[in-house]
Amino acid sequence: MMPTYSARILTLLMITALGGCLMAPLSVPITYQPESNVAPVPGASSVHVHVVGEDQRANTTNVGQYDQQSVVTSNNVADTARDAVQSELRARGFVIDNGPASTEVRVRVEKLNGHFFSSLFYSSYTAELSTHVEVVRPGKVTAYSQSFDETDTTHPAVFGSVSKDFADALSGALEQGVAKLFDDPAFMHALISKT
């Protein structure tokens, strides 16, 4: 018996919908966990800082591939990077504001990409992050300019979640990048020094 026209259309729509669900992008959050027990920086309370985040990647949502499925961020990468740096500055005693006398910290995300590797005995999620940070004093004087490249790899649990493991690798790369920035004495010197 030949299927009716409406039955064929319904079947085609179901196949299309199922295929669309299977190939829909995997959405992952990128998060940042601030450092704990951070000591205030001497002189920071008199320094006003405005943090600006910029995402300079060609595709600002895509952060990788899992098998045949693209991986996208569920939050804004530039905002997340900005908020991470801002939280660490605030924890060290800097005053966060956008006044005309504020020193500007520009955090540019130039690359953020993750990929999944799997073999018979081993699998991992690896994320790569490239950022460029500048400290610009009032009067447009650049006091600091440095690029950072970080890689973070996570190994999934046996019954782990793909989105969680992918997000952990991306978030880990961001945490390492921020830690490296704050470990750079030249960054703190550029913020505190008046010369």
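Visitor: How much space lies in the largest cavity?
Guide: The structure is a predicted model. Cavities of 30 Å³ or more number two in the count. For the largest cavity, the space comes to about 70 Å³.

Visitor: Which element supplies the largest share of the lining of the largest cavity?
Guide: The residues that line the largest cavity are Ala81, Val85, Val107, Leu129, Thr131, Val133, Phe148, Leu174, Gly177, Val178 and Leu181. The largest share, four residues, is that of α3.

Visitor: How many residues in the lining of the largest cavity are nonpolar?
Guide: No charged residue takes part in the lining of the largest cavity. Two lining residues are polar, and the number of nonpolar ones is nine.

Visitor: How much space lies in the second largest cavity, and which element gives the largest share of its lining?
Guide: The space in the second largest cavity is about 60 Å³. Its lining consists of Ile30, Val77, Thr80, Ala81, Val109, Leu112, Leu129, Thr131 and Leu174. Two or more of these residues come from each of α2, β6 and β7. The largest share, three residues, is supplied by α2.

Visitor: How many residues in the lining of the second largest cavity are polar?
Guide: The lining of the second largest cavity has seven nonpolar residues and no charged ones. The polar residues in this lining number two.

Visitor: In what pattern do the helices and strands follow along the sequence?
Guide: The protein chain contains four helices and eight strands. Read along the sequence, they follow the pattern α-β-β-β-β-α-β-β-β-β-α-α.

Visitor: Which element gives the largest share of the largest nonpolar core?
Guide: This core has 40 residues, and Val85, Leu89, Val105, Phe187 and Leu191 touch the most other members. At least two core residues come from each of β1, β2, α2, β6, β7, β8, α3 and α4. The largest share, nine residues, belongs to α3.

Visitor: Which residues does Val105 touch, beyond those up to four places away in sequence?
Guide: Val105 is among the core residues that touch the most other members. With residues up to four places away in sequence set aside, Val105 touches Val49, His50, Val51, Val52, Val85, Leu89, Val133, Glu134, Val135, Phe187 and Leu191.

Visitor: Is Thr103 buried or exposed?
Guide: Thr103 is placed in strand β6. Apart from residues up to four places away in sequence, Thr103 touches His48, Val49, His50, Val135, Val136, Arg137, Pro138 and Leu191. Its relative accessible area is 8%, and the cut-off is under 20%, so Thr103 is buried.

Visitor: Why does His50 count as partly exposed?
Guide: His50 belongs to strand β2. Leaving aside neighbours within four places in sequence, His50 is in contact with Asp97, Asn98, Ser102, Thr103, Glu104 and Val105. Buried would need a relative accessible area under 20% and exposed one over 50%. His50 counts as partly exposed because its relative accessibility is 22%.

Visitor: How many Å apart in space are Asp149 and Gly177, C-alpha to C-alpha?
Guide: Asp149, in strand β8, counts as exposed at 55% relative accessibility. Setting aside neighbours within four places in sequence, Asp149 is in contact with Leu129, Ser130 and Lys180. Asp149 and Gly177 are 28 residues apart in sequence, while their C-alpha to C-alpha distance in space is 7.1 Å.

Visitor: What is the phi of Asn37?
Guide: Most residues other than glycine have a negative phi. Asn37 lies in the loop between β1 and β2 and is exposed, with a relative accessible area of 81%. Asn37 has a positive phi, near 55°.

Visitor: What is the phi of Lys140?
Guide: Lys140 is in the loop between β7 and β8. Lys140 counts as exposed at 69% relative accessibility. Although Lys140 is not a glycine, its phi is positive, at about 65°.

How values were computed
Residues are numbered from 1 along each chain as its sequence is written. This is a predicted model: local features need pLDDT of at least 70, side-chain atom pairs count only at pLDDT 80 or more; totals for chains, interfaces and linings use all residues. Side-chain values use heavy atoms; hydrogens and water are left out. A nonpolar core is a set of buried Ala, Val, Leu, Ile, Met, Phe, Trp, Tyr and Cys residues joined through side-chain atoms within 4.5 Å. Buried means under 20% relative accessible area, exposed over 50%, partly exposed in between (1.4 Å probe, protein chains only). Contact means heavy atoms within 4.5 Å. On a 1 Å grid over the protein atoms alone, a cavity is a set of points where a 1.4 Å probe fits but cannot get out, and a pocket is an open set with protein on both sides within 12 Å along at least five of seven lines; lining residues have an atom within 4 Å of a point. Grid points are joined across faces, edges and corners, and a volume is the space filled by probe spheres set on the points. Ala, Val, Leu, Ile, Met, Phe, Trp, Tyr, Cys and Pro count as nonpolar, Asp, Glu, Lys and Arg as charged, and the others, Gly among them, as polar.
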